[in-house]
Each structure stands twice: as C-alpha cells, then as structure tokens.
2 protein chains.
Amino acid sequence: VANHTIEEALQRARAKDHLSREAFPGHRYRRLTDDTRGWTRGTAVFDDGTVIAGYPHIGRLLRLEGGLSEHFAGPFWAEEKIDGFNVRIFRHHGEVLALTRGGFPCYFTMDRWSDFMDGAVLEADPDLVICAELAGPDNPYLVGAPPFIEEDVQLFVFDLMRKGAPSFVPVEVAHDLIARFALPGVQVLGRYGPEDLAAIQQMMRELNGRGSEGAVFKAEGPDAHRSKYITSASSMADIRDTARHMPDLPAEYFTGRLIRLAAFVDEEGITGQSAAALREELGAAMLDGLLEALEQYRRHHRVFHSYRCRLHSRTAAERLFAQIGEHSGHIQVRQRRLEREGPDWILEFDKSFPRITGLLGNILAGGMVFD
Amino acid sequence: VANHTIEEALQRARAKDHLSREAFPGHRYRRLTDDTRGWTRGTAVFDDGTVIAGYPHIGRLLRLEGGLSEHFAGPFWAEEKIDGFNVRIFRHHGEVLALTRGGFPCYFTMDRWSDFMDGAVLEADPDLVICAELAGPDNPYLVGAPPFIEEDVQLFVFDLMRKGAPSFVPVEVAHDLIARFALPGVQVLGRYGPEDLAAIQQMMRELNGRGSEGAVFKAEGPDAHRSKYITSASSMADIRDTARHMPDLPAEYFTGRLIRLAAFVDEEGITGQSAAALREELGAAMLDGLLEALEQYRRHHRVFHSYRCRLHSRTAAERLFAQIGEHSGHIQVRQRRLEREGPDWILEFDKSFPRITGLLGNILAGGMVFD
C-alpha cells in the first residue's frame with residue numbers, strides 16, 4: 001500500500017529517471033517504469049490527471065502450513081488463479097482502454113474485451129478499474145495456457161480497483177459488483193479461516209489434479225492482505241513450455257520453479273506410483289523441450305515459437321504486432337500472416353530465440369564451448 | 001598456447017591487478033588470478049624464477065559428429081576423463097609440491113601423492129610437472145566421485161608439462177614416460193582418426209553405461225589440439241549431487257548441464273524403456289535433492305554437506321582446513337572431527353549452504369516470497 005501521494009511518487013520517479021512517455025491513440029500519459037514510493041511499475045498518469053495505479057505485487061506462499069496462520073488472522077476468500085496475462089480495463093473520456101501489467105496500451109484487450117463482458121459496469125461506475133487475466137492458447141504474449149481453455153482466449157476478472165487509488169476494492173464488495181454486473185469473474189473457491197488448513201490443502205490437490213495454476217487468498221476488509229499459492233502442475237507446465245529456449249530465459253526461471261515444485265510436493269505429499277510418474281514428467285519437461293529444439297533447428301535452422309491470435313480490427317492487430325516487436329529485446333519477431341477469417345483478423349507471428357539458436361548451431365556444426 | 005613470455009604476462013597482470021602473493025611453507029610465489037596473455041589463471045611464479053604454468057582450458061565438444069572432423073585432421077588419442085580435482089605436482093628445491101587448478105598450495109595432494117606414485121620420475125626429470133586428478137568419495141573439495149572408486153581417493157595422471165612452458169608434453173611422449181615410470185595414468189581408450197566416429201560414439205555409450213565422466217581427445221604432435229566430451233551420466237550426477245543446494249550455485253550450473261545432457265541423448269540415442277528411465281532419473285536428480293534438503297533442514301535447521309578425508313600428517317590436515325575456510329566465500333565451514341585412525345588423521349567438516357538454508361527457513365516458517 002502506498003504511503004505517498006502520486007505527486008510524491010512522480011517527483012521521485014522524475015529524479016530517478018523512472019518515468020516514460022506513452023500514448024494511446026488520442027490519450028497521452030506517463031508510465032512508472034519502476035516501483036516508486038509504494039506505486040507499482042506500470043502505474044499510468046494521464047495528462048488530464050487520471051491515475052491508474054499499477055497492479056500491486058502479491059506475495060507467494062511456498063507453504064500453506066505456517067503460511068496461512070502467519071498471514072491471515074481472520075476470514076479470507078480463496079479464488080482460482082488463472083495462468084494468463086494481467087490487464088487493467090477502464091473507461092477514459094468515453095473510450096474503454098486497457099493497460100498491460102507493465103503499463104503499456106494493451107491493443108489486444110481493447111479489441112477483444114467486449115466479447116467477454118458487458119461495458120455497462122464502466123458506464124455505471126466510471127471510476128472503476130477492472131483487473132483481469134486474459135488466458136488461452138491463442139494469445140499474443142504467452143506460451144502455454146490453462147488446460148481447460150481449448151481455443152482462442154477467455155477473460156477472467158479477479159480484482160477491482162478505483163482510479164487514483166493504489167489499492168483493491170475490498171474482496172466482498174468486488175464479489176458483489178462482479179455478480180451484479182455479471183462480469184466473468186474467476187472461480188471463487190470458498191471462504192475460509194486460518195484453521196481450515198487441511199481443507200485448503202485438499203483443495204490445492206484438486207486444483208493441481210486438473211492443471212490449475214493455483215489460488216489467491218484475500219483477507220476480508222479494506223486493503224487487506226493477499227497471498228498466492230501455486231500448484232506443482234503450474235511450475236511443471238512453465239518448465240515444459242519454456243525448456244525449448246532455456247538459454248534465452250534467466251536460468252533462475254527454472255531453478256525457482258524447481259524449488260516451488262519441491263515445496264508443493266513436500267507439503268501436499270505425492271508418493272508411490274504417482275511419485276515416479278511425477279519425476280518422469282519433470283525429467284521429460286526439461287529434456288524433451290531441448291530435444292524438440294534440436295529437431296526444430298535441424299529443419300528450420302532456428303528455434304522459434306509460433307503465436308496466433310484473433311482480433312476484430314486490422315488496425316489493432318497492426319498496433320499489437322508493432323508493439324511486440326518494440327518490446328521483444330533480444331528475441332526476434334517475424335510476422336507470418338495477417339488475414340481475414342470471417343469477420344475477424346488472424347495474426348500469426350514467430351518469436352525466434354537467438355541464444356538457443358546460436359548454441360545449437362554451434363553444437364551441430366561441431367563447435368567447442370569453453371565453460 | 002601463450003604467444004607471450006611469462007615476463008610480459010607478469011607485467012600485464014601487475015597492471016590489471018591480476019597477481020596475488022602466495023606461499024608454500026618456505027617457498028613464496030606469485031599467482032595469476034586471471035588468464036593473462038595466454039598464461040592461465042593458476043600460473044605460479046616462484047621467487048627464484050621457477051614457473052609452473054596454469055593448466056590450460058580444454059574446449060568441450062557437445063557433439064562428436066561434426067566436432068571430431070572439425071577439430072582433428074589426423075590421428076588422436078582418446079583417454080578417459082576422471083571426475084575429480086585437478087592438481088599439478090612437481091619437485092622444487094628437493095621437495096614435492098602441488099598446486100590446485102587455481103594456483104593455491106594443495107596440502108591434501110602434498111600429503112597423499114606418495115601413496116599413489118613413485119617420486120623417482122621427479123628426481124630423474126626435475127623439470128617435469130605432473131598433471132593429475134584426485135578423485136574419490138573421501139576428498140576435501142568435491143561432492144560426488146566416480147562410481148568405481150568406493151572409498152578414499154585415487155590419483156590419475158593425465159598430462160605432463162614442463163616447468164616454464166605453458167603447453168603439454170606431446171601425448172605420445174607422455175604415454176612413454178607414464179609407462180616407463182609406472183605412473184598411475186588414466187585409462188587410454190585408443191588411438192583414432194576423425195573417420196572413426198561410429199566407434200567413438202559406441203565407446204561413449206559404454207563409458208556412459210558405467211558412469212564415466214567422458215573422454216579427452218588429444219591430437220598427436222607437439223602442442224596439439226585437445227577437446228573433451230562429457231557423458232550424460234556425468235551431467236546427471238552433477239545435477240543429483242548439487243540439487244540439494246541449488247540456490248547456492250549459479251543457476252547456469254544446472255541449465256548448462258541440462259543442455260549438455262540433451263546434446264548427448266540426441267547424439268547417442270536413448271530410446272524406448274531406457275528413455276523413460278532416463279527422464280525419471282533426471283526428474284529425481286532435481287526433485288529428490290531439494291526434498292532431502294527440506295528433510296535435513298527440519299532435523300538440523302540448516303542444509304549442509306559433510307566432507308571427510310584421510311591425511312598422514314596432522315599439520316597438513318590443519319593447513320588444508322584453514323585454507324578451505326579462507327576460500328569458501330558465502331559457504332560456512334565447520335570442523336567436526338580431526339582424529340587419529342591408525343597411522344593417519346581423519347578430517348571431517350561440514351559446509352553449510354546459507355541460501356538454501358535461509359530459503360527453506362523462510363518457507364517452513366510460512367514466509368512469503370516476492371518474485
């Protein structure tokens with residue numbers, strides 16, 4: 001929670017060079033490029049003074065036992081956590097805009113949000129900022145998707161904020177608003193207390209069994225505590241989806257997920273037959289991705305991942321793709337297709353991973369490595 | 001191979017602050033703390049002018065196909081690579097001294113070398129520098145050992161150098177000297193040419209099957225090319241032996257070994273039943289180490305590894321232990337035992353790993369992680 005006003009944060013960010021100029025078509029704003037005085041990276045301050053706070057960091061519990069009682073004194077809600085990308089949706093001068101977690105315009109969400117929710121809530125309550133996850137196989141940002149979404153994407157509302165405030169609408173108020181306006185909320189798993197450890201552990205085993213990412217726990221009351229807890233199925237999926245371009249990610253991406261996975265297995269207890277299956281699955285998640293990369297390199301002389309997504313407007317697709325190119329860092333982006341399909345546009349592009357491509361090229365050419 | 005004289009290297013090292021003062025009892029020297037003008041880190045220059053070059057870097061092939069023909073035009077020897085620690089043994093003013101790879105006095109080797117070889121060679125040829133690997137479960141430096149050494153340590157001579165020269169004695173001359181003086185040489189696997197790819201791949205499968213670290217290939221002739229090639233069994237053993245203190249090592253330690261392992265599996269071909277077994281073994285190597293760390297933390301409130309080694313002299317044991325403490329960086333070293341056993345002294349100590357200890361402490365106390 002921010003103890004400083006946005007003016008104090010802006011002053012500090014200016015001094016530390018943590019501000020950048022960004023724009024939606026027709027709306028200019030400043031973006032916090034780093035956490036500053038309690039305001040999160042991704043906070044947007046429009047030229048008319050409207051402030052959309054960045055989505056706050058949620059701490060991760062690696063263990064429910066001890067963790068729940070340490071962080072929750074009273075009742076809290078458990079909600080399913082969705083493995084997608086985080087956006088903030090709000091109304092600004094009569095238009096619905098969306099920001100990515102980092103605070104850039106999300107052209108994909110702005111093009112697609114009305115497929116999943118009714119904008120009436122933002123007209124009725126124009127102060128509202130809807131925090132949602134877009135998830136599914138046909139998304140422009142992420143490799144991997146929840147197993148229960150078979151095509152395209154879906155939108156899951158999991159929090160509400162208010163313009164100008166770097167804090168959440170209390171969870172029970174959010175539940176009411178989500179119900180009243182029939183917003184596509186994440187699954188609410190129940191209301192618990194810190195004494196319900198065994199029931200929550202059992203629930204986590206069930207979530208893990210169906211490949212869910214995990215849960216977020218939200219204490220009742222204003223600005224109250226939140227923690228997340230991630231299943232081993234989710235850590236495993238992350239490893240499997242990215243092992244193919246291992247050297248293009250920080251190595252800690254993998255070791256961090258291995259440690260989370262071990263903590264989950266230790267707490268939830270996976271033994272016997274399923275223990276061997278889990279180990280084989282983990283070994284395969286690591287090894288098969290790299291072997292697939294070798295196969296792909298042999299056929300295409302590069303290692304890449306193909307993305308595909310559906311948009312209503314060609315202009316949105318073009319803006320989205322241009323932005324992905326600008327933000328891709330050392331990853332190379334190449335458009336493959338932008339074509340009409342019925343009323344929509346299908347955008348397809350590749351991301352090529354230079355480090356694994358270079359390494360495999362060197363290996364297959366018989367090169368040497370000094371390490 | 002160094003194109004510069006040691007005087008040029010010393011001048012450069014002085015300018016770049018890559019020299020440190022070290023001493024054996026009675027013998028002072030300067031040590032290169034970084035590679036300098038073709039002279040390797042660990043080069044020692046005694047005050048009387050004697051120069052012991054650092055052990056050169058050997059490039060790693062990640063693939064025999066392509067690699068052998070790329071780097072070898074004519075005949076070369078294959079020798080087994082031993083998973084131990086690298087020392088250089090030589091005679092200096094009537095005493096036999098030993099240096100670690102980094103160029104520090106190796107008190108363990110100086111105490112134990114005469115158990116494994118006859119010093120006559122160093123009297124007959126006082127210019128000689130014997131490059132050897134000490135390997136076995138009872139060693140003061142490494143977790144893990146070759147599976148065929150059941151207790152204590154063994155010494156394996158794998159190269160010869162000459163004082164003052166940063167290059168190897170030609171491989172065929174070294175083989176002759178090793179045979180003539182009955183030195184405990186590494187296993188010579190054969191003389192091959194680049195056309196013997198299939199035979200060498202078959203040999204690597206056999207080495208892998210018995211848990212060998214791999215092979216070093218040495219072209220015939222003076223100063224000729226060398227490369228090493230590592231089995232998947234060795235990468236797997238490294239992962240298994242160190243997963244317990246994963247955050248205390250650079251994360252690249254693990255991802256690098258995963259990539260080597262994949263390259264080996266891809267080239268040597270492991271399929272069917274053994275493919276599933278390999279994946280289960282890999283998953284277990286990662287996961288079980290971390291689960292063991294959790295178990296150890298619960299019992300001892302820290303994660304540590306116990307080392308044990310045998311020395312003839314109490315003074316050598318004390319010097320060795322003092323040096324290990326000085327070089328342990330963020331790892332905490334604690335002596336457990338220094339006691340007579342027959343004619344020898346047994347030194348036992350622990351290394352505690354602060355990062356995994358702190359992380360597990362936080363996890364088990366219900367703490368949160370922001371990542």
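A salt bridge is a side-chain nitrogen of Lys or Arg within 4 Å of a carboxyl oxygen of Asp or Glu. The exercises below apply this term and a few others to a predicted model, in which local features need pLDDT of at least 70 and side-chain atom pairs count only at pLDDT 80 or more, while totals for chains, interfaces and linings use all residues. Residues are numbered from 1 along each chain as its sequence is written, chains are lettered from A in the order in which they are written, and side-chain values use heavy atoms, with hydrogens and water left out.

**Exercise 1. The interface**

Task: Describe how chain A and chain B meet, and find how many salt bridges there are between them.

Solution: Begin with contact, which means heavy atoms within 4.5 Å; on this basis 53 residues of chain A are in contact with 52 residues of chain B. Next take the buried area, that is, the accessible area (1.4 Å probe) that two parts lose on being put together, summed over both. For chain A and chain B this comes to about 4200 Å², with 71% of it on carbon and sulfur atoms. R279(A), L287(A) and M368(A) supply 15% of the area that chain A buries against chain B, more than any other three residues. Finally, turn to the charged pairs: there are four salt bridges between chain A and chain B. In one salt bridge R279(A) is joined to D288(B), and the closest N and O atoms are 2.6 Å apart.

**Exercise 2. An open sheet**

Solution: Strands (E, at least two residues) and helices (H or I, at least four) are DSSP runs, numbered from the N terminus, and two strands pair if DSSP finds at least two bridges between them. The open sheet of chain B has the order 8-7-9-10, and its pairing is antiparallel. From one strand to the next the twist averages 30°.

**Exercise 3. A hairpin**

Task: Find how many residues lie between strand 15 and strand 16 of chain B.

Solution: Strand 15 (residues 332–341) and strand 16 (residues 344–352) of chain B run antiparallel and are joined by nine bridges. Within this pair, E339(B) is placed opposite I346(B) of strand 16. The two strands form a hairpin with two residues between them, and G342(B) in the turn has a positive phi of about 65°.

**Exercise 4. The largest core**

Task: Identify the residues that touch the most other members of the largest nonpolar core.

Solution: A nonpolar core is a set of buried Ala, Val, Leu, Ile, Met, Phe, Trp, Tyr and Cys residues joined through side-chain atoms within 4.5 Å. Here buried means under 20% relative accessible area, exposed over 50%, and partly exposed in between (1.4 Å probe, protein chains only). The largest core has 68 residues, and I89(A), F108(A) and I130(A) touch the most other members. Strand 9 (residues 128–135) of chain A gives the largest share of this core, seven residues. Leaving aside neighbours within four places in sequence, F108(A) has contacts that include F85(A), L134(A), V153(A) and L320(A). A second, separate core of 67 residues has L10(B), Y55(B), W113(B) and M161(B) among its members.

**Exercise 5. Charged pairs within a chain**

Task: Explain what parts of chain A the pair of E123(A) and R91(A) ties together.

Solution: In this salt bridge the closest N and O atoms of E123(A) and R91(A) are 3.9 Å apart. E123(A) belongs to helix 4 (residues 120–124) and R91(A) to strand 7 of chain A, so the pair ties together parts that are 32 residues apart in sequence. E123(A) is exposed at 57% relative accessibility, whereas R91(A) is partly exposed at 22%. For a case in chain B, take R112(B) and D115(B), whose side chains meet in a salt bridge (2.6 Å, N to O); R112(B) is buried at 3% relative accessible area, while D115(B) is partly exposed at 38%.

Note on methods:
Axes fitted to C-alpha atoms, helices over the stretch in contact; angles between N-to-C directions.
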